[in-house]
Amino acid sequence: MPTPTKGARLGGSPAHEKQMLANLAVSLFEHRSITTTVTKAKRLRPYAERLITHAKKGDLAARRRVVAEISASNATNQGVVHELFTVIAPAMAERPGGYTRITKIGNRKGDNAPMAVIELVMEPVSPKQKVVRDAEAATAAAAPAEDTAAEETEQVDEVAAETADAPDAEASDDAAAETPADTETDEAAAEAAAEDGDPEAEK
């Protein structure tokens with residue numbers, strides 16, 4: 001058994017409530033805006049938006065489902081279904097949701113019931129919203145790439161630092177290797193001069 005909708009029922013029976021919602025939806029699609037009580041407007045919103053979502057699919061199965069929802073026997077309702085699929089649904093193509101808007105207008109004079117206007121949001125989606133959405137997607141996609149580039153840069157810096165330290169060590173080793181050889185050469189020259197009888201060498 002489906003979970004009952006929270007809140008008071010609009011009609012005396014579930015069938016009556018369903019018929020009331022269907023009639024309200026037909027009036028909304030026909031006139032684009034209707035004035036009703038806040039309770040009815042809040043109950044109508046998900047019902048009408050679900051029908052618009054089906055209409056956006058545009059296939060035969062969706063059309064049959066919408067026709068079954070809002071009374072196939074009524075010729076006026078069938079004309080509204082045609083308008084829903086050919087006019088309203090294409091206007092909502094770029095809008096991901098939020099097809100209706102509820103505006104409270106105060107209380108009714110007779111019984112002081114809170115009233116509201118529920119209307120279709122037919123305005124095109126703002127280009128700014130699309131640009132912001134694209135920018136957010138690009139930022140999310142660029143974040144992993146930046147992390148990868150930073151890691152590669154760190155690795156290159158480490159390799160460069162190791163390469164820069166390596167010649168200094170080799171130079172130190174060469175200097176250390178050359179020092180004993182030079183010392184031996186100087187001693188050999190001094191001995192040769194002493195054998196030749198060079199007085200300066202003896203000193």
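This is a predicted model: local features need pLDDT of at least 70, side-chain atom pairs count only at pLDDT 80 or more; totals for chains, interfaces and linings use all residues.
## Ground rules

Local features here need pLDDT of at least 70 and side-chain atom pairs pLDDT 80 or more, while totals for chains, interfaces and linings use all residues. Numbering starts from 1 along each chain as its sequence is written, and side-chain values use heavy atoms, with hydrogens and water left out.

## The α2/α3 pair

Helices α2 (residues 38-57) and α3 (residues 60-69) pack at about 155°, with axes 8 Å apart. Helices are DSSP runs of H or I, at least four residues, and strands are E runs of at least two; axes are lines fitted to C-alpha atoms over the stretch in contact, with angles from 0 to 180 degrees between N-to-C directions. The two helices are therefore roughly antiparallel (over 145 degrees).

On the α2 side, Tyr 47, Leu 51, His 54 and Lys 57 meet Ala 62, Arg 65, Val 66 and Glu 69 of α3 (contact: heavy atoms within 4.5 Å).

## The core

The largest nonpolar core holds 33 residues, and Phe 29, Leu 44, Tyr 47 and Ile 70 have the most contacts inside it. Such a core is a set of buried Ala, Val, Leu, Ile, Met, Phe, Trp, Tyr and Cys joined through side-chain atoms within 4.5 Å, where buried means under 20% relative accessible area (1.4 Å probe, protein chains only), exposed over 50% and partly exposed in between.

Beyond its neighbours within four places in sequence, Tyr 47 touches Leu 21, Ala 22, Ala 25, Glu 69 and Ile 70.

## Positive phi in loops

Most residues other than glycine have a negative phi. Arg 32, not a glycine, has a positive phi of about 70°; Arg 32 sits in the loop between α1 and β1 (33-37) and is partly exposed at 23% relative accessibility. Asn 112 also has a positive phi, about 65°, and lies in the loop between β2 (100-107) and β3.

How values were computed
Angles under 35 degrees count as roughly parallel, over 145 as roughly antiparallel, 65 to 115 as roughly perpendicular and the rest as oblique.
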